[in-house]
Amino acid sequence: MFVLLGLTIVNTGEVSGQGTRVGFYSRTCPRAESIVKSTVRDHLKSDPSLAAGLLRLYFHDCFVQGCDASVLIEGPQTERTALPNLSLKGFEVINDAKTQLEAVCPGVVSCADILALATRDSVDFSDGLSWKVPTGRRDGRISQASEANNLPSPFDSVAILTQKFAAKGLNTQDLVVTSGGHTIGTTACLFFRHRLYNFTGNGGPDPSIDPTFLPTLRAQCPQSTGAQNRVALDTGSEFEFDRSYFKNLKNGRGILESDQLLWTDASTKTFVEEYSDSALRFKSDFAKSMVKMGNIELKTGSDSEIRTICSAIN
């Protein structure tokens, strides 16, 4: 059971899974979590957009080969080179934390755990919440670009997204609440411009878009230029982790088609309604789903290691 105390989620029951547990480094590297947290804080001071970057980095890691930091590995044909991952950011935060941890606890803290902790801290520092992160993950030794092609896409239907989440042991509620991570961050026009022009084949926009919002979007994303222009996923609140993302969906102001579909699809609409009404419920359920997602396909034994450098296999 999760209990909300202030803005910290405290788990009063069992949160471990497949070898992870809260406080895994309490004896072997007691400063691990505080070092990661201070590193995230320092980077966000100079670039607040890194909060959303770290959250996205974690999602893209966990959905391919599990939460094993395989997305951090550099080299030809690695996950980092896959099309969905070319715009990922936040690598420097993880590398910075790893360098500091290797100085005080060499060979102890995995890159996978650093990424999990940094993601939690990035949400916390965005006026979101904190939660207890089970640690004890090991780093994967395989990273292949081809395996990143089945990541959840902004062009997917709710049915397809539900299937992709189910394949990772996550349910429809997990899909909706983790999509709420889009309450921070931006996206490029190329991922949603099709909604603004000729969406129906007769020159009209996506009818689910609030007509009064359309001129704003078209100004930011012209029909034939500006494919890389950045637009806030949560209009008016791109740096604050709050429930306005869900309010925007109800008002036809979702940016990505896959986001707006959460409001129009019967299987997900109820959750959008609930989270738009209660920030407490949204944040509490988000923490639960993040812990759940953090235990996807964890590595053990000879197929894993504790990397010395996060961007390279030992």
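Contact, as the word is used in these legends, means heavy atoms within 4.5 Å. The structure is a predicted model, in which local features need pLDDT of at least 70 and side-chain atom pairs count only at pLDDT 80 or more, while totals for chains, interfaces and linings use all residues. Residues are numbered from 1 along each chain as its sequence is written, and side-chain values use heavy atoms, with hydrogens and water left out.

**View 1. The annotated binding site, with Thr183, Asp234 and Asp242.** The UniProt record, an unreviewed entry, lists these three residues under "binding site"; UniProt positions are given in the numbering used here, feature names are shortened, and annotations may be inferred rather than shown by experiment. The three residues are spread over 60 residues of sequence, yet they cluster in space, the largest C-alpha distance being 9.4 Å.

View 2. Helices (H or I, at least four residues) and strands (E, at least two) are DSSP runs, numbered from the N terminus. Leaving aside neighbours within four places in sequence, Asp242 is in contact with Thr183, Asp234, Ser237 and Phe282. Asp242 has a relative accessible area of 15% and is therefore buried (buried means under 20% relative accessible area, exposed over 50%, and partly exposed in between, with a 1.4 Å probe and protein chains only).

View 3. With a relative accessible area of 0%, Thr183 is buried, and, neighbours within four places in sequence aside, its contacts include Asp234, Glu238, Phe241, Asp242 and Tyr245. The side chains of Thr183 and Asp242 are joined by a polar contact of 2.9 Å (a pair of N or O atoms within 3.5 Å; within protein, one must be able to donate a hydrogen and the other to accept it, and residues adjacent in sequence count only if both atoms are side-chain atoms).

**View 4. Gln65 and Gln77, in the loop between helix H2 (50–62) and helix H3 (91–104).** Gln65 is not a glycine, but its phi is positive, near 65°; Gln77, likewise not a glycine, has a positive phi of about 65°. Gln65 counts as buried at 17% relative accessibility, whereas Gln77 is exposed, with a relative accessible area of 59%. The side chain of Gln65 makes a polar contact of 2.7 Å with the side chain of Glu147, and, not counting residues up to four places away in sequence, Gln65 also touches residues including Ser70, Glu79, Ile142, Glu297 and Lys299.
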